[in-house]
Structures are given as C-alpha cells and as structure tokens.
Amino acid sequence: MKKEEIVFEQLNPDACRTYFVGSPETKEAALVDPVLGATEEYLRYLENGGWSLRYVLDTHTHADHLSGGRLLSQRTGAEYAMHRKAGSKHASMRLTDGSTLALGETILEAIETPGHTKDSITVKLPGRLLTGDFLFIGSAGRTDLPGGDPGEHWESLNRVIPSIDESTLVCPGHDYQGKRESLLREEKRTNSNLRPRARAEYVAWLSATRRPTPEWMVATVRANNDGPTDPALNFMPPDEVSACMCEPAPALDLREISVEEVQRLVASGGESGRLLLDVRRPDEYVGELGHVPGAVLVPLPELPARLSEIEGYREKTIIAICRSGSRSAKATALLRDAGFQNVWNMTGGTLAWREKGFPVER
Ligand SMILES: [Fe+2]
C-alpha cells in the first residue's frame, strides 16, 4: 500500500509565509518561520489536527517581523532550530549544511544559503524547497540588510540551485503577488536573480538599489535574538506594509504624480477613466486624515489577492495613494509587475494632499 504523503500547508493570510509540515504516520510536525503575532492561531491549528510539534525553525534572523520560535517552543516543548551562526539566545538546535530533522520517515534537510543574511538556510523536503528569503518567486530577498552580502548570495545561488531537481516547488518566505509556489524550472526561466551573470555583474546589479536599514528593523533583529514572547510586540511603523519588508527595492523607474496634478484630475471629473487607489488600512481611510475624494480602499497587504476587483483598469490610469507615499510606491511596483499599464504613485501621500488644503472625505 502506498504510504500517506506529508501534510504541507501555508498558514498565514498575508505576504509573510509560515509553513506547516506534518507526518501523517507519526502526527509529528514542524513549523517554519512562524510569526509571533499568530502564535495562538498556530497552536489551535496544531490542536485541531492532533499534531505534536517537534520542531520550530527560522530560516534566518528576521528583520521585518518578530519570530514566534521561542514562544512556540516554550508552549509545546518543540526544539527551536536555527543556523549555527544565528544570534538567537534561545535556539535549542543549531543547524549547519546537511543537518537533518526527522518527522517520521520524512526528512527535512538544511542547506546553507547565506546572502540575505549570514544565517540563511533553505529547507529541503520531498518535492519542495522552503527558501526563506534566499529565493522568492521572480526575485530574492534584500542583500543590503545587516549580514547581507550580494556576492555571497550569488555564490549560494550558483552552488545550490544547479544541484536541485527542476521539478521541485519553490516555496518562498514572502510573496507580494499572492503566489503560493513555483516550479524551480519556471524560476530558472523567469526569476531576475537567476539570470546567468558573472559574480561582479550580480554584485553591481544589487548594489545599485542599496538602501539604509531603518531603525525599526535593527530593533526587530535585536528582539528576535532575545526571543520575543509578547505577541502584541511590534516595531514596524504604521506607515510600512503590515506584512513583510525583506523584498528588493521597487523599480528605479517609479512613476510619480504630484498632489497638485491629482487635484486637477479630480476637479476635471472623468472618474470612469481612472482609479484613485488608497492602499492604507481601513481605520486610516476613515480616520483623522481622511482620504482623497473618490479614492477606493484596498489595503496594500490585501492587494495581491484582490487584483481581480480592479481588472477593468488594466489599461487605464491608476493612482496609488497612502499616508506619505511609501506604501503606495510598493503598490505601484506591484501593480506594474502584475501587468497594469499606467500606474502612478502620488508623491507625499494624503499628508501632502492635506498640507495643500485640498478637500478630503472620511
Ligand atoms: Fe528576511
């Protein structure tokens, strides 16, 4: 009789991914990259399925969100596994290249893949690679955060990718387009980080989009090393994407439109030909600052899954708006990647709009 296959599931609703791997024969399970704020949901999921958590694993020290690794290991007795170079004070298992974790007969193998961070690992399981921020669908994690190194990233890609079967599914640590997984064969064909390049060319390409590390990310790394246990803790400022922030910089050719130009468009009517897209949270949209009259709300974290709602604007003008212009820049890049033809970022956001004394709705 054919043995039951492993149970594999992605547990988060947003761009930040947490993977569940379970062995149906032993009911032992592992969680990869759990998010601290969702700890109770994970525990409920485990309980409902009758799973016993053997391992919780972080693919690297996260700078964008707080890890639920320590709290889950405290609550369940699971081993907390990270790379041997991780700064975590609470990881109970230190992984190196080729380390294995067993769930019944299913083996999870750690592959060292530094570049996004020094302690990045990719987890190999039957038919799948959990790549963390080493490789996304169509791109890869930033290499300009603390511990990141574009040259090391190139070396990891060139050492590891050719050795993996092309029919393997790539399951990334984040995805901003709402995609779940992708065949390695397809990534080799389309992923801009996997385009064949010399090391120096790759380093120059990534170095062109270097950005400073924001203070809140430094604080997030420090907290992750200390092992946060308060699910309400969060360092991400309200104006950042309420998901994950390890993605590469948006395209350099971002198209910007000033609040004055948008005001002229609003005053001239013609709503059917364009879409003002507010990508903030619902409470901001109706809050103190208000929103540009006629702007439609689709919060940035929900945008990848709600593209069908704005399908009619594929060839029309879309103006993305947020509080200060940072989330809307990401929305602009996301929509352009998704094939929308004429997308603009309103510079300075609703703050700049209010400063000019233009009217708002609440
Ligand atoms: Fe990351």
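Modeller: Happy to! Let me start with a term: a charge sits over a ring if NZ of Lys or CZ of Arg is within 6 Å of the ring centre and within 35 degrees of the ring normal. By that rule, the charged end of Arg197 sits over the ring of Trp205, 4.1 Å from its centre. Likewise, Arg314 places its charged end over the ring of Phe340, 4.4 Å from the centre.

Before going on, a word on the source. This is a predicted model, in which local features need pLDDT of at least 70 and side-chain atom pairs count only at pLDDT 80 or more, while totals for chains, interfaces and linings use all residues. Residues are numbered from 1 along each chain as its sequence is written, and side-chain values use heavy atoms, with hydrogens and water left out.

Now to rings that meet other rings. A pair of aromatic rings is described by the distance of the centres and the angle of the planes. Rings of Phe, Tyr and Trp (its six-membered ring) pair if their centres lie within 6.5 Å; planes under 30 degrees apart count as stacked, over 60 as edge-to-face and the rest as tilted. The structure holds five aromatic pairs. In one of them, the ring centres of Phe8 and Tyr19 are 5.4 Å apart and the planes are at 20°, so this pair is stacked. Phe8 belongs to strand β1 (residues 7-10) and Tyr19 to strand β2 (residues 19-23), so the pair ties together parts that are 11 residues apart in sequence. Helices (H or I, at least four residues) and strands (E, at least two) are DSSP runs, numbered from the N terminus.

How covered are these residues? Buried means under 20% relative accessible area, exposed over 50%, and partly exposed in between (1.4 Å probe, protein chains only). Phe8 is buried, with a relative accessible area of 19%, and Tyr19 is buried too, at 3%.

Back to Trp205, which also has a ring partner: its ring and that of Tyr202 have centres 5.8 Å apart and planes at 55°, so the pair is tilted. Tyr202 and Trp205 are three residues apart in helix α5 (residues 199-207), which separates them by about one helical turn. Tyr202 counts as buried, at 1% relative accessibility, whereas Trp205 counts as partly exposed, at 32%.

Finally, look for Phe20, Tyr45 and Trp51, which ring pairs link into a cluster.
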